[in-house]
Amino acid sequence: MSATIIDGQKIAEEMTAQIKKESSSLLPKPGLAVIIVGKDPASLLYVKKKEKACQQVAFYSVLIELPEDVSELKLLNQIDALNQNKKIHGILVQLPLPAHINERLVIDSIYPNKDVDGFTPINMGNLLVGDNRLVPSTPRGIMKLIESTGVHISGKHAVVVGRSNIVGKPISLLLQQHGATVTMCHSRTHPLEYYTKQADILVSAVGKPKLISGSMIKKGAVVIDVGINSLNNTLVGDVDFESASTVAGFITPVPKGVGPMTIACLLENTLYAYRQQHL
Ligand code: NAD
């Protein structure tokens, strides 16, 4: 193995310690509400992690668990109550939602200044014009991981695999803002390795185990693996770590790479939202 492992867990712990320090003197405490619909085990695990993270930094946190068959109206009313609640500064709806609920309508109903996931059109639009207020947590975390390597982003060729609203699109915008030339790949890109091999910075956010092998990576590249997949009861990313780490210059592991950064950046966004609401 030649690549340096980017320790997302350590960076996230440092961020969390800083957030705890900054929030220790705040009264009232920053408040985060997380809504989950249904009992998907992976989603439940994520929301529990978010709740635990809030406890670590002494934020006020509320977990609202709704049944799988909850009506769209009831969910919207719940969000409206949280929008009005002065103890809550950030609202997050765990995705995906059941098919009978219009996800876009639900996200759009969150007040933009409480949208700590950065998924509302207002916050997405702000990001598009380079006004980074509440930027989605995973792309924010990815930028911090890349910056931690000391590799200059400006002038580099960054290749992003995946074009979702929550990861692929926002990370492409952030990399562009930092001066990278960005290529976006997706399910219709063929052949994928033609593009990935050109990447000085490669971000994969697809959700397919071993999609990216070492032979698809440029020597010395920074490789950020966002994917979370279960393979033979083990958590793996999109990148075949074993072969990729012999070629890459820097690489994130799964777990302990992007995942902890997403949670730390969510806490940062909540603190930011709190400050904006207490100006
Ligand atoms: P998504 O399903 O919304 O999007 C996946 C993207 O991958 C799509 O744009 C699709 O076009 C592309 N794609 C599918 N097959 C492809 C292929 N063969 N080649 C190239 N592109 C292909 O997914 P998402 O919500 O962006 O999440 C992606 C992955 O990242 C998932 O595994 C998810 O669990 C993980 N994730 C991790 C974190 C974290 O904090 N670590 C946060 C968000 C998402």
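Which residues line the second largest cavity? In this predicted model, the residues lining that cavity are Val 93, Ile 107, Ile 110, Asp 115, Asp 117 and Phe 119. They divide into 4 nonpolar, no polar and 2 charged, where Ala, Val, Leu, Ile, Met, Phe, Trp, Tyr, Cys and Pro count as nonpolar, Asp, Glu, Lys and Arg as charged, and the others, Gly among them, as polar.

Residues are numbered from 1 along each chain as its sequence is written, and side-chain values use heavy atoms, with hydrogens and water left out. As the model is predicted, local features need pLDDT of at least 70 and side-chain atom pairs count only at pLDDT 80 or more, while totals for chains, interfaces and linings use all residues.

**Cavities and pocket**

A cavity is a set of points, on a 1 Å grid over the protein atoms alone, where a 1.4 Å probe fits but cannot get out; a pocket is an open set with protein on both sides within 12 Å along at least five of seven lines, and lining residues have an atom within 4 Å of a point. Grid points are joined across faces, edges and corners, and a volume is the space filled by probe spheres set on the points.

| Space | Volume | Lining |
|---|---|---|
| Largest cavity | about 40 Å³ | 6 nonpolar, 1 polar, 1 charged |
| Second largest cavity | about 30 Å³ | 4 nonpolar, no polar, 2 charged |
| Second largest pocket | about 180 Å³ | 5 nonpolar, 4 polar, 2 charged |

The lining of the largest cavity consists of Leu 32, Val 34, Val 47, Glu 51, Cys 54, Ser 61, Val 62 and Leu 63. At least two of its lining residues come from each of β2 (31-37), α2 (41-56) and β3 (60-66); helices (H or I, at least four residues) and strands (E, at least two) are DSSP runs, numbered from the N terminus. Among the residues that line the second largest pocket are Arg 163, His 186, Lys 208 and Leu 211.

**Ligand surroundings**

The shell around the ligand holds 21 residues, of which Arg 163, Ser 164, Val 226, Ile 228 and Thr 262 come nearest; a residue is near if one of its heavy atoms lies within 4 Å of the molecule. The shell comprises 10 nonpolar, 9 polar and 2 charged residues, and helix α10 (residues 258-277) gives the most to it, with 3 residues.

Polar contacts are pairs of N or O atoms within 3.5 Å; within protein, one must be able to donate a hydrogen and the other to accept it, and residues adjacent in sequence count only if both atoms are side-chain atoms. A polar side-chain atom of Thr 262 is 2.7 Å from a ligand oxygen atom. A backbone N or O atom of Arg 163 lies 2.8 Å from an oxygen atom of the ligand, and one of His 186 lies 3.4 Å from a ligand nitrogen atom. The ligand taken alone exposes 860 Å², of which the protein buries 72%; accessible areas come from the Shrake-Rupley method with a 1.4 Å probe, and for residues only the protein chains shown count as cover.

**Backbone features**

Most residues other than glycine have a negative phi, and most peptide bonds are trans. The peptide bond between Leu 95 and Pro 96 is cis, with omega about 0°, and Pro 96 sits in the loop between β4 (90-93) and α4 (103-108). A cis bond also links Val 254 to Pro 255, with omega near 0°; Pro 255 belongs to the loop between β11 (250-251) and α10.
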